[in-house]
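Please consider the model below with regard to helix packing and aromatic pairs.

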Amino acid sequence: MITAIYLSHNRLDFVKQSFLPFMRESKSSLVKQAIIYDDNSTDGTSDFLMSHYYNLPLKFRYIREEFNSSWKQINSTYPIAEKYILKVDNDIVIPNSYVKYLFDVMEKDNSIGFAGLRTGKDCYIGDSSLVSVRNIGGVGLFRTEEIRRLGGIREPMIKEEKRFFGFTDLQTRSNLKKVWVDGMVKDLSKVLKDKQNEYINENWTRWMN
C-alpha cells in the first residue's frame, strides 16, 4: 500500500532525531517497502544510518549514492512504488501513527493527491485539519498513480523557464487537492534554527522541494 522513502544528505544532528521515528512508522503493516536514500553524506550520517539498517526488516533498503537532489531519488522510486509514496525529509520528526492518519485521509477522498506538512509552516501543527494548501513540504503521502501520470519530477528549471523546482513543480502541475493534515509534526530546521544556520554556513544547500 505504501512505499516510504527517507531523504538524507548530512545534517547528522537532525538525522539522529528524525530517523528512528521514520523507522518506527515504516514498520507499520501499511508500509510494504521502505527506502533510505543517503545522498553521499560526509558528516557521519552514513555510518549512523548503516548502524541501524543492519537490524531492520527485509522490506528496508539502504541506498547511498551521489544524487545531488531529492528529485532524482523520487524519480527512482515511483516506477516501483506501491499505491502511495510517503516522503520524509531528514529534518522532520513524524509523530506516532501519523502514517496511518495520512493513509486514512487519502483512502476516504480520491480527489486528494498530496497530504502532509504545509510548505513554509512553522514547526508545530495541530490547530487545523484538512485545510487546502498550495504545496506539501517535508513530509507527505502522495498518490503514486498521479506522479506516474505527470511523468515524475522534471529536472530543475533553466534560466529561460519560469517555473518551480522539483516537488513543488510536480504538485503545481497536478489538479488533485493538496491538504494540510495536522498531527504535531516537528520540523527540526525551524525548531533548531541555530543548528540549521550552522549547516547553511558550512555550504550545505537545502534541496528544493
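Colleague: How many helices and strands does the secondary structure come to?

Modeller: This is a predicted model in which local features need pLDDT of at least 70, side-chain atom pairs count only at pLDDT 80 or more, and totals for chains, interfaces and linings use all residues. Residues are numbered from 1 along each chain as its sequence is written, and side-chain values use heavy atoms, with hydrogens and water left out. Helices (H or I, at least four residues) and strands (E, at least two) are DSSP runs, numbered from the N terminus. The protein has eight helices and 10 strands.

Colleague: Is α1 roughly parallel or roughly antiparallel to α2?

Modeller: Helix α1 (residues 12-26) and helix α2 (residues 45-53) have axes 10 Å apart and pack at about 20°. The axes are lines fitted to C-alpha atoms over the stretch in contact, with angles from 0 to 180 degrees between N-to-C directions. Angles under 35 degrees count as roughly parallel, over 145 as roughly antiparallel, 65 to 115 as roughly perpendicular and the rest as oblique. The packing angle therefore makes α1 and α2 roughly parallel.

Colleague: How are the rings of Tyr6 and Phe19 paired, edge-to-face or stacked?

Modeller: Rings of Phe, Tyr and Trp (its six-membered ring) pair if their centres lie within 6.5 Å; planes under 30 degrees apart count as stacked, over 60 as edge-to-face and the rest as tilted. For Tyr6 and Phe19, the centres are 5.2 Å apart and the planes stand at 65°, so the pair is edge-to-face.

Colleague: Where does Phe22 lie, given its pair with Tyr6?

Modeller: Tyr6 and Phe22 form a tilted pair, 5.2 Å centre to centre with 40° between the planes. Tyr6 belongs to strand β1, so this pair ties together parts 16 residues apart in sequence, Phe22 being in helix α1.

Colleague: Is Phe22 buried or exposed?

Modeller: Buried means under 20% relative accessible area, exposed over 50%, and partly exposed in between (1.4 Å probe, protein chains only). Tyr6 is at 0%, and Phe19 is at 0%. Phe22 has 0% relative accessibility and therefore counts as buried.

Colleague: Which residues do ring pairs link into a cluster?

Modeller: The whole structure holds nine aromatic pairs. Ring pairs join into one cluster Tyr6, Phe19, Phe22 and Phe48.
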